[in-house]
Structure formats: structure tokens, C-alpha cells
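Hi everyone, thanks for making time. Please have a look at the model on the screen, and then I'll walk you through a few parts of it.

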Amino acid sequence: MQIWNTFKTTILLAGLTALFMLIGGAIGGQVGMIIALVMAVAMNMGAWWFSDTLALRMSGAHEVSPAEAPELHQMVEELSLRAEIPKPRVYLIESETPNAFATGRSPAKGAVAVTTGIARLLTRDELAGVVAHELAHIKHRDTLISSIAATIAGAISMLADMAMWSLMFAGLGGSDDGEDEGIARMVGGVLMMILAPIAAMIIQMAISRSREYLADAGGARILGNPLPLASALEKLEWAAGRVPMQASPATSHLYIINPLVGGLAGLFRTHPATAERIARLRAMSSQGVAMV
């Protein structure tokens, strides 16, 4: 699992470097491509070391102490022992929408973040199922690649905005290049504005769908019962459509339930169908799958 995730992370960073250079070339030609390469190298290094911190900041999460959230800390500690990983840091997100995610480049650097609204909707056992799911992400070491994807997806959106402003200024100020070259660059810039955010979403989809099934099964084994997590997913899916969450599209794939609803959220789903996840968990219970 660790070797496979390292391979996926390497491929992701290499692919995103190429995408950065493509966008840079569309915006600024050869000079833009060189600048984009420098940005990509810096971004890759920053994403590797600071992606977890950036993901937490983009989500508006703040760390809480055992004194501030004693029951949540106790739950995380007990389940961490069952998962045989170090206790992760605990964060809260001020949001009425019930949701949660995990991040960290390794189990030793793990963090679990839950919204303030999640405890008001779920029972203690259901919340434990959610926390166990997030600890499974940390144990499987797939939080690094997810956090990197969130960081880079945000950067791709920024580059798309840069392309838009570049085209606006180019249209206002004209260009010293030949007419054909100027038109080609403008067309390339428009394509990048359209394709870059789509590319970011496709990357997130490729990363998220299979790992959610694995984390569901892993969380069920950590908790010792798949049914509380199945029940929690049912409630969280219901709430997501009724209490929309102000989440960044760059971080939507991190959450246990996609916080974005409507618009392009259905077209570019970063999670498997919740009904299928619930069915798999209930099948684990009926088949008597061995638990930790």
C-alpha cells in the first residue's frame, strides 16, 4: 500500500508539473513555460511538506485541545489505539454541515478534522464510525496524496484565473507578436481556462473513488462493526443536500461525503455513490467479515 501510494504521488506530481508548463506556455510562450516550471518545482516541494497544513487552512479548521473537546479527543485516542497508529491532531471546522476529513503526510503527522455540526446529527457510535473511517485513511497512508491533490487543484484554479486576466489585458493592450501567434496564444489561453479546472477535478476523482471504499472497510474493522458507519453515511448524505457547506472545490475530495451539491458537483463526483458505500458496509456485517 505504501509503495503504491508513493508511486501514485510521484506520477501525480510529474503530471501536474507538465500541466503547469502547458498552461504557462499557453499564457506566456517559452518564457511562461519556464516560469511555470519554476513554480511547479516550488509547488511540488511545498505540497510534499506543507500540503496537510494548507488543506486545513483552506478548510478553515482550527486545532482543539483535550480540554476544549474532551469526548472527541478520547474517541480519537481509543480508536487510534485500535488502529495501531499514533494519535492524530484534532481539528474543528465551524460549519453546521456535518462532515469530516483526515490529512497528514504520514501516520506520525496525521490530523482529523470534523465540523461542529456533526456531533449534533450523529450518535456517538455513528461519529466513532466516521472517525474510524478517517483513521483508516491515515493508516493506509493515502492522506498525503489527497492533500497534495487539494493543494495543486487550488494552484491550477489560480493559474486558470491568471490565464483569464492575461487574456483580458492582452485584448485591451494588443500584442507585439504576429497576428497569427497572438490568436494562437489567445485560443490556447481560453482552452487552459476551460480545461485546467476540469483536469484538477479529474485528478481528484481518480484519487478519491477507490480509496473511499478501502477506508470504509478499514474504518469498519477498526471500530469492530460496519453498521454505525453505514448509518452515519446515510445521515451525512441526507444532510449534505439540506445544509450546503461553504467548501472549496479544491478540498471537496478530502471529506467523507462530498460537501458540494448541485452544479458541476454531480458531473465531477469525487466520491463513489453513497448508496453503494452503505450497501458494501451492510454486506460486510451480513457476511460476518472479521473485524479488528
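**A walk through the model**

Let's begin with Arg211, which sits in helix α6, residues 179–223. Helices here are DSSP runs of H or I with at least four residues, strands are runs of E with at least two, and both are numbered from the N terminus.

Before going on, a word on where this comes from: it is a predicted model, so local features need pLDDT of at least 70 and side-chain atom pairs count only at pLDDT 80 or more, while totals for chains, interfaces and linings use all residues. Residues are numbered from 1 along each chain as its sequence is written, and side-chain values use heavy atoms, with hydrogens and water left out.

Is Arg211 buried or exposed? Arg211 is buried, because its relative accessible area is 6%; buried means under 20%, exposed over 50%, and partly exposed in between, with a 1.4 Å probe and protein chains only. Its side chain makes a polar contact of 3.1 Å with the side chain of His137, and another of 3.4 Å joins the side chains of Arg211 and Glu212. By polar contact I mean a pair of N or O atoms within 3.5 Å; within protein, one must be able to donate a hydrogen and the other to accept it, and residues adjacent in sequence count only if both atoms are side-chain atoms.

**Helix α2**

Next is α2, residues 70–83, with 14 residues. From first C-alpha to last it reaches 20 Å, close to the 20 Å expected at 1.5 Å a residue, where the expected span is 1.5 Å times one less than the number of residues. Which residues of α2 are buried? They are Leu72, His73, Met75, Val76, Leu79, Ser80 and Ala83. They lie on the same side of α2 because they cover an arc of only 160° around the axis, taken from the directions from the helix axis to the C-beta atoms. The face turned away from that buried side carries the exposed Glu71 and Leu81.

**Strand β4**

Finally, β4, residues 111–115: 5 of its 5 residues are buried. Ala111, Ala113 and Thr115 cover one side, with Val112 and Val114 on the other. Strand β2 runs parallel to β4, joined by 5 bridges, and Ile93 stands opposite Thr115. Strand β3 runs antiparallel to β4, with 4 bridges; there, Ala102 has Val112 as its bridge partner. Two strands pair if DSSP finds at least two bridges between them.
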